[in-house]
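Subject: A structure to look at, with some notes

Dear colleague,

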Amino acid sequence: MIASLSPTLTEPRLISPMCSISANVSPSLYSISLIHSPMKQRRLQNSRLRASSTSLSMETTKDIIDVDLVPISKKVLVPIGYGTEEIEAVVLVDVLRRAGADVTLASVEQKLEVEGSSGTKLLADVLISKCAEKFYDLVALPGGMPGAVRLRDCGVLEKIMKRQAEDKRLYGAISMAPAITLLPWGLLTRKKTTGHPAFFGKLPTFWAVKTNIQISGELTTSRGPGTSFQFALSLANQLFGETTAKSVEELLLLRDGYKSPKTEEFNSIDWSLNHTPRVLIPVANGSEEVEVVTIADVLRRAKVDVTVTSVERSLRITASQGTKIVTDKLIGEASESSYDLILLPGGHAGSERLQKSKVLKKLLKEQQEAGRIYGATNSSSTVLHKHGLLKDKRTAVYPSDTEGPVSDQMIEGVEVVIDGNVITSLGLATVTNFSLAIVSKLFGHGRARSVSEGLVHEYRGNMKAS
């Protein structure tokens with residue numbers, strides 16, 4: 001049986017019993033490969049047909065026997081190099097994958113493993129050379145130093161970006177990348193642009209604007225790690241539309257209901273130390289990458305000694321949205337030392353794996369018995385609860401947990417809750433405030449405000465004591 005194809009491909013129909021046609025709500029790009037004729041396969045295997053504008057002539061279709069019509073999702077490239085700002089890179093990947101994009105994290109170095117500006121090691125999907133001839137709906141550059149310089153000096157990436165601009169496809173840059181990377185390539189000409197305050201003076205004066213997000217034609221720019229979510233959501237909106245972007249925004253807890261107070265404290269005690277604080281961040285496959293990277297990044301900016309440890313058998317873990325993180329140590333080796341704070345990032349699958357770690361359970365029990373500080377974000381509060389470490393402690397309530405009865409120990413509508421030596425948070429987009437609350441407790445508001453300024457994050461320091 002052979003059926004006809006609609007000339008505009010808006011309502012594709014079955015060509016033969018062997019043909020599978022799958023629908024996709026957002027993308028309008030399709031690839032057509034011919035199964036029957038090798039010659040036609042070679043001729044058309046790389047063609048992409050736009051549903052709104054492309055038609056098939058009768059001459060092309062009359063002898064097609066088997067066609068595999070497959071929707072192509074929006075393709076996004078996020079390049080990284082040594083010294084890339086890890087929060088910016090990971091938030092871009094996380095948010096755009098949640099929106100439905102096919103995101104490739106590409107290294108401009110000679111190896112896949114790349115160490116970010118604050119010391120977190122990321123494992124890229126491919127080397128940038130593999131991306132040279134590919135089509136992308138969006139190329140988005142994270143900042144960081146010297147990461148922005150490493151991107152600027154990559155010839156392959158420069159060609160990709162210039163082609164992107166010439167073809168009038170979407171491209172973007174955040175933090176230092178507009179001034180350090182795009183400007184020397186000539187990609188800011190007659191474009192209103194924003195960037196990190198420390199590099200704002202390098203932007204063309206007439207076209208520089210002090211806004212968190214600036215869209216100028218196909219170019220979108222933003223200011224820094226603290227505006228990463230806004231940047232990524234703006235790009236998601238341009239790729240998939242407002243409905244998708246809003247859905248992701250709510251999932252990330254970027255909602256008006258969590259603005260005041262941001263942090264609430266009970267049974268206040270002094271967290272200050274007479275030595276450099278030592279913090280352990282245990283992670284597992286399925287941990288939420290935004291939370292892992294943000295906690296480590298913010299605390300390291302505050303001069304905290306941070307160790308990211310894997311409870312898996314490998315140093316490499318695959319986080320909840322597919323980002324690969326290379327940890328500092330395995331949990332067995334890490335357990336040989338003691339820590340001033342142990343902080344568990346969320347992610348439902350990751351939390352379940354953290355809970356099963358006998359070594360971590362022992363470390364947490366010792367932490368409690370010694371009166372030292374521990375905490376969790378997102379779903380990992382359940383790990384502390386199941387190990388009996390939240391008895392008589394007030395905690396933040398993750399929205400999905402509010403459908404059932406909420407006890408007096410669960411504080412609704414607050415991003416971060418501190419009770420004595422225990423700190424919990426909703427996680428995701430609220431994790432920056434969680435991390436800054438820790439900095440404030442360890443070093444005072446002055447250090448927390450200084451770190452937040454570097455992040456271009458609004459720090460209110462509005463900790464409500466009860």
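Predicted model: local features only at pLDDT ≥ 70, side-chain atom pairs only at ≥ 80, totals over all residues.

I began with helix 15, which covers residues 445-455 and includes Ser452. The buried residues of this helix are Ala448, Val451, Ser452 and Leu455, and because they cover an arc of only 100° around the axis, they lie on the same side of helix 15. In general, an α-helix has 3.6 residues a turn, so residues three or four places apart point the same way. The exposed residues Gly446 and Glu453 are found on the face of helix 15 that is turned away from its buried side, while the cover over the buried residues includes helix 3, helix 9 and helix 14.

Ser452 counts as buried because its relative accessible area is 2%, which is under the 20% cut-off. Apart from neighbours within four places in sequence, Ser452 is in contact with Leu436, His457 and Tyr459. Just after helix 15, Val456 takes a positive phi of about 60°.

Helix 3 also packs against helix 7, at an angle of about 35° and with the two axes 9 Å apart, and the crossing is right-handed. Among the residues that meet there are Val91 and Leu92 from helix 3, and Phe231 and Leu235 from helix 7. The residues of this contact divide into 14 nonpolar, one polar and one charged.

Technical notes. Residues numbered from 1 in each chain as written. Heavy atoms only, no water. Helix = DSSP H or I, 4+ residues; strand = E, 2+ residues; numbered from the N terminus. Buried < 20%, exposed > 50% of the residue type's maximum accessible area, 1.4 Å probe, protein only. Contact = heavy atoms within 4.5 Å. Axes fitted to C-alpha atoms, helices over the stretch in contact; angles between N-to-C directions. Left-handed = near helix turned anticlockwise from the far one by under 90°. Nonpolar A, V, L, I, M, F, W, Y, C, P; charged D, E, K, R; others polar. Arc of directions from axis to C-beta.
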